Amino acid sequence: MASHRRPKQPSRTRVTVLTTAAAAAVAFSAQAANAAPSEKPSKDEVKSKVDALYEQAEQATEKLDGAQEKQEKLQKEISTIQDNVARGQEELNKLRDGLGTMASAQYRTGGIDPSIQLFLSSDPDSYLDKASTMDQLSAQQVEALTKIQGKQRELAQERAEASSKLKDLSATRTELKKKKDEVKAKLATAQKLLNTLTAAEKASLAQEQAQAANRSSSRVNLGSTGSASSRAAAAFAAAQSVIGSPYVYGASGPSSFDCSGLTSWAYAQAGVSIPRTSEAQASAGTIISSESDLKVGDLVIFYGDRHHVGLYAGNGQVLHAPHTGAVVRYESIGNMPFQFGVRI
């Protein structure tokens, strides 16, 4: 016989839980539907973020330039040491051959002196420390053996120095790669931000930059300020000749530059060699503490860590390579935190 038992009703607690969950789901859906979409950053916000990234990239760029300079210097030093070691080994071989000739002569006239046999062994250098046997050698033999000992010590020192510099070179190359990656990452992030702008916004930013550069250029041409020296004037003229050249990190001319690449290139055109990085350039001459004492061609150091440098252009303006995406141009010295000037 079929059962006519009534189905079990859900408990009041279970109904309450289900009702609450359903209400929460409806509320969440309503909030999601009514939520405002994430706002696109404004042109000014993008510019501010991009400027900050460019500054960080330039800090890394100056470290990159320093690592590149150190790498080149180490490579030259290692090459010189290796050449010296090769020549020294040839000299040592000749000295040993000469000592062997003396030993052969002794053998023909009555046998090899035991002391000579020892010097021709695998460790002749140790024998000279035994002064008690020195009277067994002729003056000529003593001179030859002393030269051998000196050359062996010299070669050992040079090989140790080369080994140390090779380790330093390896560490420098690692640092170089790290800084390159850091610069690229900052620039890639900046580019992503710029890509969020519309064509009209990009054009507006470019126009603002051009107008600012034109205003700075006109201020430079309105007045006259004496040059620090004839060479400073020549360096400034060289920098003027490349106005409009693009900023490229790690570049030092003649068609693209980073900040210290421009200043070092400009002074090189005037026959003056200055360090490659802005930090090193900050110590390359006489410090000029006051902006009012700057003269055309003086280096101008910016930021507390000295990661940016330009050339003073007169009338409160600086000629510099600003950052990626910009070109060599004039700019107000007040747009960046001035530290001091350097008169080369």
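This is a predicted model: local features need pLDDT of at least 70, side-chain atom pairs count only at pLDDT 80 or more; totals for chains, interfaces and linings use all residues.
Okay, let's start with the strands. S1, residues 286–288, and S6, residues 338–343, pair up antiparallel, with 3 bridges between them. If you want a spot to look at there, take Ile287, which sits opposite Val342 in S6. S6 has another antiparallel partner in S2, residues 299–302, and that pairing has 4 bridges. Here you can look for Phe302, whose bridge partner in S6 is Phe338.

Now let me step back to the whole chain. We have 8 helices and 6 strands. What pattern do they follow along the sequence? It goes α-α-α-α-α-α-α-α-β-β-β-β-β-β. As for burial, 36% of the 344 residues count as buried.

The largest pocket comes out at about 510 Å³. It has 21 lining residues, and the ones closest to the centre are Lys47, Asp51, His323, Arg329 and Glu331. Which elements give two or more residues to that lining? Those are helix H2, residues 43–108, helix H5, residues 199–222, and strand S5, residues 329–332. H2 gives the most, with 6 residues. By class, the lining of this largest pocket splits into 8 nonpolar, 6 polar and 7 charged residues.

Let me stay with Glu331 for a moment, because its number needs a cut-off: buried here means under 20% relative accessible area. Glu331 has 14%, so it counts as buried. Remember, Glu331 is one of the residues closest to the centre of the largest pocket, and it belongs to strand S5. Its side chain also makes a polar contact with the side chain of Asn335, at 3.2 Å.

Then there's the second largest pocket, with about 220 Å³ of space. It's lined by 13 residues, and nearest the centre you'll find Tyr54, Leu194, Leu205, Gln209 and Gly325. H2 and H5 turn up again, each supplying at least two residues of this lining. The class count for the second largest pocket is 6 nonpolar, 4 polar and 3 charged.

Okay, aromatics. How many aromatic pairs does a search of the whole structure find? The answer is 1. The pair is Phe257 with Trp265: the ring centres are 5.3 Å apart and the planes sit at 65°, so we call it edge-to-face. The cut-off behind that label is an angle over 60 degrees. And are these two residues, Phe257 and Trp265, buried or exposed? Both are buried.

Last stop, Thr172. You'll find Thr172 in helix H4, which covers residues 139–194. Its relative accessibility is 6%, so Thr172 counts as buried too. The side chain of Thr172 reaches the backbone oxygen of Asp168, at 2.8 Å.

- the Ile287 and Val342 positions, opposite each other across S1 and S6;
- Glu331 and Asn335, for the side-chain contact;
- Phe257 and Trp265, for the edge-to-face pair;
- Thr172 and Asp168, for the side chain reaching a backbone oxygen.

That's it from me, thanks.

Key
Residues are numbered from 1 along each chain as its sequence is written. Side-chain values use heavy atoms; hydrogens and water are left out. On a 1 Å grid over the protein atoms alone, a cavity is a set of points where a 1.4 Å probe fits but cannot get out, and a pocket is an open set with protein on both sides within 12 Å along at least five of seven lines; lining residues have an atom within 4 Å of a point. Grid points are joined across faces, edges and corners, and a volume is the space filled by probe spheres set on the points. Ala, Val, Leu, Ile, Met, Phe, Trp, Tyr, Cys and Pro count as nonpolar, Asp, Glu, Lys and Arg as charged, and the others, Gly among them, as polar. Rings of Phe, Tyr and Trp (its six-membered ring) pair if their centres lie within 6.5 Å; planes under 30 degrees apart count as stacked, over 60 as edge-to-face and the rest as tilted. Buried means under 20% relative accessible area, exposed over 50%, partly exposed in between (1.4 Å probe, protein chains only). Two strands pair if DSSP finds at least two bridges between them. A polar contact is a pair of N or O atoms within 3.5 Å; within protein, one must be able to donate a hydrogen and the other to accept it, and residues adjacent in sequence count only if both atoms are side-chain atoms.
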